[in-house]
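This report walks through a set of local features, one neighbourhood at a time. Please look over the sequence and the structure before reading on.

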Amino acid sequence: AWMWDVRNRTKQKLLAPNRGRLWSTAVSPDGNSLAIGCEDGAILHYNLPRMTLLKRRILSIPERHDIAIDPAGDRLALVEQYRFQVINGHDGTLCFDAPGPPGIPNESIAFSADDRSVWIGGGTGWIHRLDLANGAVLDRYQHHQSWVNVLAISRAGTRIASASIDGTITVANAATGRLLLTLDIIVPKAEPTRRGVSDSNR
């Protein structure tokens, strides 16, 4: 994983000198922490201002599809095909472990702005919001026809953006699911991986 200076489009530092592929990355809202999920089951936690590795952990989900950092920067959410976990970002202790949405394979995850729930994007184009108190489904809607690869929540928590392998990016009202914007994007032709999305499509 490379850190880039977006102002002049130059590489700044090589991170995650790990064997195998990197599944996902997440940056804390304050910009101070970076988490990287690796194919070998490792989670790498970096201090971004110093660009130094704080901790490397091996957790019980061997093949994470996505990772997210909560608004406070204290917890990490990890998702795999039919399960998700929330862990303490400082010591790695397990905070929550539950199945994902019933019968739907998971691909992406994001914390809600109030830190009380998570949004999970699935392989059927559905997006679900699950309660972090008991794992119950609070909301769900469908604006895509295929895998939802990326989710992002606005700082106020009022809007949710999603990107899919079907070639669309959508923005919706997070409370009602009402579609606000749809963008068609150019998706490079590539064979999907076993997870349903090629690396070039992420």
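Arg116 is found in the loop between β11 (106-111) and β12 (117-122); helices (H or I, at least four residues) and strands (E, at least two) are DSSP runs, numbered from the N terminus. This is a predicted model, in which local features need pLDDT of at least 70 and side-chain atom pairs count only at pLDDT 80 or more, while totals for chains, interfaces and linings use all residues. Residues are numbered from 1 along each chain as its sequence is written, and side-chain values use heavy atoms, with hydrogens and water left out.

Arg116 counts as exposed, at 61% relative accessibility. Here buried means under 20% relative accessible area, exposed over 50%, and partly exposed in between (1.4 Å probe, protein chains only). Leaving aside neighbours within four places in sequence, Arg116 is in contact with Asp131 and Leu132, where contact means heavy atoms within 4.5 Å. The C-alpha atoms of Arg116 and Leu130 are separated by 8.8 Å, and these two residues are 14 apart along the chain.

How many of the 6 residues of β12 are buried? The count is 6 of the 6, so β12 is largely enclosed by the rest of the structure. Ser117, Trp119 and Gly121 point one way from the strand, while Val118, Ile120 and Gly122 point the other way.

β11 and β12 run antiparallel and are joined by 5 bridges; two strands pair if DSSP finds at least two bridges between them. Within this pairing, Val118 of β12 has Phe111 opposite it. The two strands form a hairpin with 5 residues between them, and Asp115 in the turn has a positive phi of about 70°.

On to the next strand: β12 and β13 also run antiparallel, with 5 bridges joining them. Arg129 in β13 is the residue opposite Trp119. In this hairpin 3 residues lie between the strands, and Gly125 in the turn has a positive phi of about 90°.

Strand β7 (residues 66-69) pairs with strand β8 (residues 75-80) over 4 bridges, in the antiparallel sense. One of the positions involved is Ile69, whose bridge partner in β8 is Leu76. The hairpin of β7 and β8 has 5 residues between the strands, and Gly73 takes a positive phi near 80° there.

β8 also pairs with strand β9 (residues 83-88), in the antiparallel sense and over 6 bridges. Leu76 has Ile87 as its bridge partner in β9. The hairpin that joins β8 to β9 runs through 2 residues.

**Salt bridges**

Side chains of opposite charge can pair when their charged atoms come close. A salt bridge is a side-chain nitrogen of Lys or Arg within 4 Å of a carboxyl oxygen of Asp or Glu.

| Asp70 | Arg75 | 3.5 Å |

Asp70, Arg75 and Asp115 are linked in a network of salt bridges. Asp70 is buried, with a relative accessible area of 1%.

**A nonpolar surface patch**

Leu180 belongs to strand β18 (residues 179-184) and is partly exposed, with a relative accessible area of 33%. Together with Leu181, Leu183 and Ile185, Leu180 forms a nonpolar patch on the surface, with about 310 Å² of accessible area in total. Patches are made of residues with over 30% relative accessible area and no salt bridge: like charges are joined within 9 Å, and nonpolar side chains (Val, Leu, Ile, Met, Phe, Trp, Tyr) within 5 Å. Accessible areas come from the Shrake-Rupley method with a 1.4 Å probe, and for residues only the protein chains shown count as cover.
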